[in-house]
Amino acid sequence: MIVLCLIQLTPSALIASITVLVLAIFLGFELISKVPPTLHTPLMSGANAISGITIVAALMASNAQLSGGNKTVAGILACMALALATINCVGGFMVTGRMLEMFKRKEG
Amino acid sequence: MEWFQALGYLLSAVLFIVGLKYLGSPRTAVRGNQLGALGMLLAVVVTVAAEWGGEGIIGWSLIGIGLGSGALIGIVMAKKVEMTGMPEMVALLNGFGGAASALVALSELLGSTPESLADRGALGAAVFLGAIGASTLIGWVTLTGSVGAMLKLNGTLRGTLSFPGVNLVKAALLAVGLYLAYSLIGDPTNIPMTYGLVGVSCLLGVLFVLPIGGADMPVVMSFLNSLSGLAAAAAGFVVGNDVLIISGALVGAAGLILTGIMCKAMNRAFVDVMFKTYGVSAGSDSGEKRTVRGYEAEEAALTFDGVRSVIIIPGYGMAVSQAQHVVRELAEELERRGVDVKYAIHPVAGRMPGHMNVLLAEANVPYDQLYELDGINSQFSDCDVCLVVGANDTVNPAAHTDPTGPLGGMPVLDAEKARTVIIVKRSLSPGYAGVDNELFYRPSTMMLFGDGKAKLAELLTEVKAL
């Protein structure tokens, strides 16, 4: 997984990614359309935690094998991105869990 | 991409989809959240496993520090936050997510050389740079917009900061931002231009949030949530990773749906929320100064004597004074006396979607006592006492009586139809919409002025003494 990742993007590969994007948007609309208001806050904070998936991109940027460019600044920015994305994920899922715990307590 | 990596990402995406689905139903929500977290863990582990072996720009020790410190800060934040502070917390986390996507984009751009761009091919380079532009624009808007929203939510920034022509400035900034993002594709080595794009995006985020009134915060929060998803999807195109595209698109779509639900709850078009500032002109329409008599808790308590049904309407004021536990105690005391107690939750009560439900759940209020607007509005006419705690715009009859006003047409809780309305509030000041509340001056209304928690505690003592 070293420099090999720079294979050239083909039009069909791009269209495949766009297909994924469009289908996921429709799926998102379908998934959320019927949610009781009680769950709006946890849903939002859970979705917010999922948007922390950018942690994967931050990891890849942090471990990029650069041949040139401004390595120092690129590295600092990638490391900051990594920390922020991690806060987003960890904090987001935990706080959602805390909220949902309160709903659960009463049902039992 | 390694085969196990692609497979791992596929599994992550499935976990996110099922997780989001489960989050939408009370019975499965806890599991949904766990599945989402599991999907995230899997995505991280798979990425680390695939990247392992090569030492990149910051090295694995720094990557470990980044992950570790982020996790630690996240845990501390999640453990420490009060339920009332949840909107600020979600806003801040949302901003961090957007910033992370934007920083990744910038890092990737700074790490590029003309040779590495040429290696990507013409199409590859154009998509890479276009995605960097999109991620930068959306990501920084998300960050500054979220931080602005957070400062408004915690009261650091008060009121709506606006000036004439603010919409024109916003439109101009957006146009400049789009132009710079587009120019990036043709001129990737022009780093100052990219910093210009960062600046324009930051400014746009601030200007986007500051003129928006506090009552519209649920809409803003949902929309920013959507933007952070889109920023992640754009970052997915930057690094060429489908799991980011899928997750980002899911969150983006979910956020848009929530935005729509919130707009509907306030009967306002999304465009109005974004571009019309309220609360400036409406306050001064009637010059007359009306006064209203404040009641003592003792007098208010007497109205609870012998009643059969009570509806409690909580608002953001309840959250601010942390009165949810006293409210629940009062409700329990009334139930012991054979009173039927219900809670009426307005969809935009509080400062984020579903905020009141979380607070009442924290105070152990039974789920089946919570009613939505449509389910309860017909019951107010049979209600003996309606207790309004720190709510204002959501019970304002002006929504019916003044169709052209700022609140005109907004679905409100018809507290006015109750035989007696007891309103616990700090002052007569208008709500976020800036409209005087007619309900405060009605003969059937008793105003209890003061801190919600203290007043309700007094009320509880008095009711117990009945």
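Modeller: Two residues are in contact if their C-beta atoms, placed from the backbone, lie within 7 Å. Helices (H or I, at least four residues) and strands (E, at least two) are DSSP runs, numbered from the N terminus. This is a predicted model: local features need pLDDT of at least 70, side-chain atom pairs count only at pLDDT 80 or more, and totals for chains, interfaces and linings use all residues. Residues are numbered from 1 along each chain as its sequence is written, while chains are lettered from A and ligands numbered from 1 in the order in which they are written.

Biologist: Which strands of chain B does helix 14 lie across, and at about what angle does helix 14 run to strand 1?

Modeller: Axes are lines fitted to C-alpha atoms, for helices over the stretch in contact, and angles run from 0 to 180 degrees between N-to-C directions. In chain B, helix 14 lies across strand 1 (309-314), strand 2 (340-345) and strand 4. Its angle to strand 1 of chain B is about 175 degrees.

Biologist: Which strands stand at the edges of the sheet in chain B?

Modeller: Two strands pair if DSSP finds at least two bridges between them. The sheet in chain B is open, has six strands in the order 3-2-1-4-5-6, and pairs in the parallel sense. Each edge strand has a single partner strand, so one side of each is left without a neighbour in the sheet. In chain B these are strand 3 and strand 6 (445-449).

Biologist: How many residues of strand 1 of chain B are buried?

Modeller: A residue is buried if 20 or more other C-beta atoms lie within 10 Å of its own, exposed if 12 or fewer, and partly exposed in between. Strand 1 of chain B runs parallel to strand 2, joined by four bridges, and parallel to strand 4, joined by five bridges. The strand is largely enclosed by the rest of the structure, because the buried count out of its six residues is five.

Biologist: Which residue in strand 4 of chain B is the bridge partner of I313(B)?

Modeller: On the strand 2 side, I312(B) stands opposite Y343(B). On the strand 4 side, the bridge partner of I313(B) is V388(B).

Biologist: Which residue in strand 5 of chain B is the bridge partner of C386(B)?

Modeller: In chain B, strand 4 (residues 385-389) and strand 5 (residues 420-425) run parallel and share five bridges. Helix 18 (residues 452-464) lies across strand 4, strand 5 and strand 6, at about 135 degrees to strand 5 of chain B. The strand 5 partner of C386(B) is V421(B).

Biologist: What covers the buried residues of helix 8 of chain B?

Modeller: The buried residues of helix 8 of chain B include T194(B), L197(B), V200(B) and L204(B). The elements of chain B that cover the buried residues of helix 8 include helix 4 (86-110), helix 6 (121-153), helix 7 (166-186) and helix 9 (217-239).

Biologist: What percentage of the residues in chain A are buried?

Modeller: Chain A has four helices and zero strands. Among its contacts between residues at least 6 apart in sequence, 74% join residues at least 24 apart. Of the 108 residues in chain A, the buried share is 57%.

Biologist: How many charged residues are on the side of chain B that touches chain A?

Modeller: The contact takes 87 residues from chain A and 110 residues from chain B. Ala, Val, Leu, Ile, Met, Phe, Trp, Tyr, Cys and Pro count as nonpolar, Asp, Glu, Lys and Arg as charged, and the others, Gly among them, as polar. On the chain B side, 64 are nonpolar and 36 polar, and the number of charged residues is 10.

Biologist: Which residues does P26(B) touch, not counting those up to four places away in sequence?

Modeller: P26(B) sits in the loop between helix 1 (3-23) and helix 2 (29-51) of chain B. With 17 other C-beta atoms within 10 Å, P26(B) is partly exposed. The residues touched by P26(B) are P36(A), T38(A), L39(A) and F103(A).

Biologist: At roughly what angle do helix 3 of chain A and helix 9 of chain B cross?

Modeller: The axes of helix 3 (residues 54-62) of chain A and helix 9 of chain B come within 9 Å, and the crossing angle is roughly 35 degrees. Helix 3 of chain A contributes T54(A), A57(A), M60(A) and A61(A) to the contact, and helix 9 of chain B contributes residues including A232(B) and G236(B). The residues of this contact are seven nonpolar, two polar and no charged. To repeat the angle: roughly 35 degrees.

Biologist: What is the phi of N364(B) near?

Modeller: Most residues other than glycine have a negative phi. N364(B), in the loop between helix 15 (355-362) and strand 3 (370-372) of chain B, is partly exposed, with 13 other C-beta atoms within 10 Å. Its phi is positive, near 65 degrees.
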